[in-house]
Amino acid sequence: MSAYYQLDFEKPLVELDRQIEALETQLKNEQPAAAGDPGSHVAKLTADIASLRARHASELKAIYAKLTPWQTVRVARHPQRPQTRDYVAMICRDFTELHGDRRFGDDPAMVTGFARIGPLKVMVVGHQKGKETSEKIACHFGCAHPEGYRKALAKMKLAAKYGVPIVTLVDTPGAYPGLGAEQRGQAEAIAVNMLEMSRLAVPIVSIVIGEGGSGGALGIAVADRVAMLSNSWYSVISPEGCAAILWKEANEQTNSAAAKSLKLTASDNLALGIVDDVIPEPPGGAHRDARSTAMNLQAWIVQQIQRLRTVPANDLLERRYERFRKMGVYIEQAEPAASA
Amino acid sequence: MARRASETPTRTWNEVRPQRRSAIPEGLWLRCQACGKMVYRRHLEANLNVCPECDFHHRISAAERIGQLADTDSFQEMFGNLSAADPLQFKDLKAYSDRLLAEQIKTGAKDAIKAGRMFIKGREAMVCCLDLTFMMGSMGSVVGETITRAIEEATRTGLPLVIVSCSGGARMQESGLSLMQMAKTSAALARYDQAGGLFISVLTDPTTGGVTASFAMLGDVIFAEPNALIGFAGPRVIQQTIRQELPEGFQRSEFLRKSGLVDRVIHRSQLRNEIARIIDYSGK
Ligand SMILES: [Zn+2]
């Protein structure tokens, strides 16, 4: 446990981690001598460890049950949180990666390829943030360039051509803000993806697995069904970006206020109708048990696509259009009688 | 995604809003903030708010834009009955509901857009103009809904569609709902495209963020006014990310034309002519 990167609000667990570790070391040293001495010190140690572990589990559960929105953002960015390639390794068989946008390059921040998930053949499209320093740099920490979005669209169109459903995994702080990205049409690439995704005649499901940062996220998330992992966030802007503009300064306190105001958590987005489902993570977040998170993810994907596959293509597209068409909240006054 | 107004370096008149203009006693003469010369107001207005001395295209409101584009008395406003609802009860240093009220009083408009039918040199079109004077032209539910209704109306009637954009991006105070307007408008444009519609997108200073990354860059033909700031990310965000000076002219209309992202850079005085010409070529 102590190998985990520590989030400040997990501090109450640090002391427990230390105690458990100390007792475990003792137990290891005791064991040979104690082998012939039942009912003793060893048994007591074992019992103590068990009770500490139980306390650890309940504290962890308690902490995660009342995470603030800003703390949720921190969990969503946990360096050990599973990423697209981790989920591909855990839930996909025969992953056949496909590279490149055929126009400029191959953006490693966007992973695309055919795969089998459970009984399904699918096209997987997902942001990749990177784990090791070199991979993080190559992936621009999950901030894709226009070539990444165009690569995603090219592979989605390929899938649609052969009737293969599409699964997208969203995990980006936002699309990359840079010279080349602007020059090559970052805005145009994202806009075209949204337009084209709205009319691809195969089922599309999207899951925000970590960060759902603005247009960079939505650029691969115009789907029939959209879900969020329980500790992910999805919003028009990052809390820091929002704080810097509306609170004039980004710091712990303003970031926290912005995160709260932005209604960016999974449950907030569910209540707003922006996502359809929340996929649970184990207590303590996806990074503490990647495999069980992956199983929940897989179950949702398979269930949704199997349902969507029974819907005729025309109805599918009509429903997808309506899904986004109805989004937005405004006041509509009765039109005054037309005068002209 | 919406950027702070101060982040956009574009120079502008001190008095952009007509209400404030009349309140300024020495308002007969204005100092162009681009060239520093004093300009007679009537000259400026006759020149479509383009500086007669240096040709700088100053920012104008949606009402002024409509006045410049439409054949006399031909504009019929539509969807003007929508106003923002503050669904998130958003509060920063100020409550969104207070901000909205202040902007509505300041501008006399309900939100950052005006839409309707008009004739442009005798050609009928559906036209939407974003309005910078209202919360930096940011797109929340009202802007997204108005644009979508205009697109659907154009699809239904077969009219050409013209959207004049100027915006700081998606409106933060409606968070995820603002973000969804990007998908909503883009999906509506997909149907308009399928129906063979003609969409002329006009980018003016500044067009950034979620507006650029949705309908604004989806024009069948894309025009830009000279020297307009057009981009996905704001210049300051880019500068902070790459930690180097941005090249001269970066994210300006002429840079976008060279980069292959806009079809034509159009002087404001030619906009009506150019729109009419494209409508004619399309046969709409
Ligand atoms: Zn001037």
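The model is predicted. Chain A is divided into domain 1 (15–66) and domain 2 (74–325). Strand E2(A) pairs with strand E1(A) over three bridges and with strand E3(A) over eight bridges.

**Strand pairing**
- Strand E1 spans residues 93–97 of chain A and strand E2 spans residues 110–117 of chain A; the two pair in the antiparallel sense.
- Between E1(A) and E2(A) there are three bridges; in one of them, Thr96(A) is partnered with Phe114(A) of E2(A).
- Strand E3, residues 120–127 of chain A, also runs antiparallel to E2(A), with eight bridges between them.

**Hairpin turn**
- E2(A) and E3(A) make a hairpin, and two residues lie between the strands.
- Gly118(A) sits in this turn and has a positive phi of about 55°.

**Asp315(A)**
- Helix H14 of chain A covers residues 313–325 and contains Asp315(A).
- Asp315(A) counts as exposed because 10 other C-beta atoms lie within 10 Å, and the cut-off for exposed is 12 or fewer.
- Asp315(A) and Gln6(A) are 309 residues apart along the chain, and their C-alpha atoms are separated by 48 Å.

**Domain layout**
- The C-alpha centres of domain 1 and domain 2 of chain A are 40 Å apart.

How values were computed: Residues are numbered from 1 along each chain as its sequence is written. Chains are lettered from A and ligands numbered from 1 in the order in which they are written. This is a predicted model: local features need pLDDT of at least 70, side-chain atom pairs count only at pLDDT 80 or more; totals for chains, interfaces and linings use all residues. Two strands pair if DSSP finds at least two bridges between them. Helices (H or I, at least four residues) and strands (E, at least two) are DSSP runs, numbered from the N terminus. A residue is buried if 20 or more other C-beta atoms lie within 10 Å of its own, exposed if 12 or fewer, and partly exposed in between; C-beta atoms are placed from the backbone. Domain bounds come from an automatic or database domain assignment.
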